[in-house]
Amino acid sequence: MDLRSYLPRGRVLVVDDNESVRVTTCAILEDDFDVKAATSIAAARTLLLAEEFDLVLTDHNMPGGSGIDLLASVEKSHPFVSGILMTGQPRTTARTASAA
């Protein structure tokens, strides 16, 4: 018996302008979560207004803003939504992002 069939599926919003990263991340998560994707900060904000999510997984460097800015606004408007910031930038950028 698979207990996952009795549990509600978490809802994840993946935000990344890089198509290969976005598609791969969604494919990995789709077996266990309900996943939506956004290609920009603006598109993510639109989805956040229209739907409920449990987690926002966002790239750091995005057109129209940063993932840090997105997660800061999510924290204010959706306090029960968790956030994960991902980046392909050098470690110094990642340290800077984690300090923000």
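Predicted model: local features only at pLDDT ≥ 70, side-chain atom pairs only at ≥ 80, totals over all residues.

Trainee: Which residue of β6 is the bridge partner of V56?
Mentor: V56 is partnered with G83.

Trainee: How many bridges join β3 to β6 overall?
Mentor: Five. β3 covers residues 55-59, and the two strands run parallel.

Trainee: And what does β3 do with β1?
Mentor: β3 and β1 also pair in the parallel sense, over four bridges. There, L13 stands opposite V56 of β3.

Trainee: Zoom out. What is the strand order in the sheet?
Mentor: β2-β1-β3-β6. That makes four strands in an open sheet, with parallel pairing. The edges are β2 (33-38) and β6 (82-86), each pairing on one side only.

Trainee: By how many degrees are neighbouring strands turned against each other?
Mentor: 20 degrees on average, ignoring direction.

Trainee: How many helices and strands does the protein have?
Mentor: Four helices and six strands. Along the sequence the pattern reads β-α-β-α-β-β-β-α-β-α.

Trainee: Back to β3. How many of its residues are buried?
Mentor: Five of five, so to speak: the strand is mostly covered. L55, L57 and D59 point one way, V56 and T58 the other way, and all are buried.

Trainee: What is the relative accessibility of T58?
Mentor: It is 0%, and the cut-off for buried is under 20%, so T58 counts as buried.

Trainee: What is T58 in contact with, leaving aside its neighbours within four places in sequence?
Mentor: V15, G67, L70, L71, I84, L85 and M86.

Trainee: V15 turns up there. What does V15 itself contact, with the neighbours within four places left out?
Mentor: The list includes A38, S40, A44, V56 and L57. T58, D59, M62, L70 and M86 are also in contact with V15.

Trainee: Which residues touch the most other members in the largest nonpolar core?
Mentor: L13, V15, L48, V56 and L70. That core has 14 residues. β1, α2 and α3 are the elements that give two or more residues to it. The largest share, four residues, comes from α2.

Trainee: Which α2 residues are buried?
Mentor: I41, A44, L47 and L48 are buried in α2. Looking down the axis of α2, its buried residues fall within an arc of 120 degrees, so they line one face of the helix. On the other side, A42, T46, L49 and A50 are exposed.

Trainee: What covers the buried residues of α2?
Mentor: The cover includes β1, β2, β3, β4 (61-62), β5 (65-66) and α3.

Trainee: And α3, which strands does that one lie across?
Mentor: β1, β3 and β6. α3 spans residues 67-77 and runs at about 160 degrees to β3.

Trainee: That leaves α1. Which of its residues are buried?
Mentor: R22, T25, C26 and L29 are buried in α1, which covers residues 19-29. They span an arc of only 100 degrees around the axis, which puts them on the same side of α1. E19 and I28, on the other side, are exposed.

Trainee: What do the buried residues of α1 pack against?
Mentor: β1, β2 and β3.

Trainee: Last topic, totals. What percentage of the protein counts as buried?
Mentor: 32% of its 100 residues. The protein exposes about 6500 Å², and carbon and sulfur atoms supply 56% of that.

Trainee: And what share of the contacts with a separation of 6 or more comes from residues 24 or more positions apart?
Mentor: Such residues account for 58% of those contacts.

Methods: Residues numbered from 1 in each chain as written. Heavy atoms only, no water. Pairing = 2+ DSSP bridges. Axes fitted to C-alpha atoms, helices over the stretch in contact; angles between N-to-C directions. Contact = heavy atoms within 4.5 Å. Buried < 20%, exposed > 50% of the residue type's maximum accessible area, 1.4 Å probe, protein only. Areas by Shrake-Rupley, 256 points an atom, 1.4 Å probe, with all protein chains shown as cover. Core = buried A, V, L, I, M, F, W, Y, C linked by side-chain atoms within 4.5 Å. Arc of directions from axis to C-beta.
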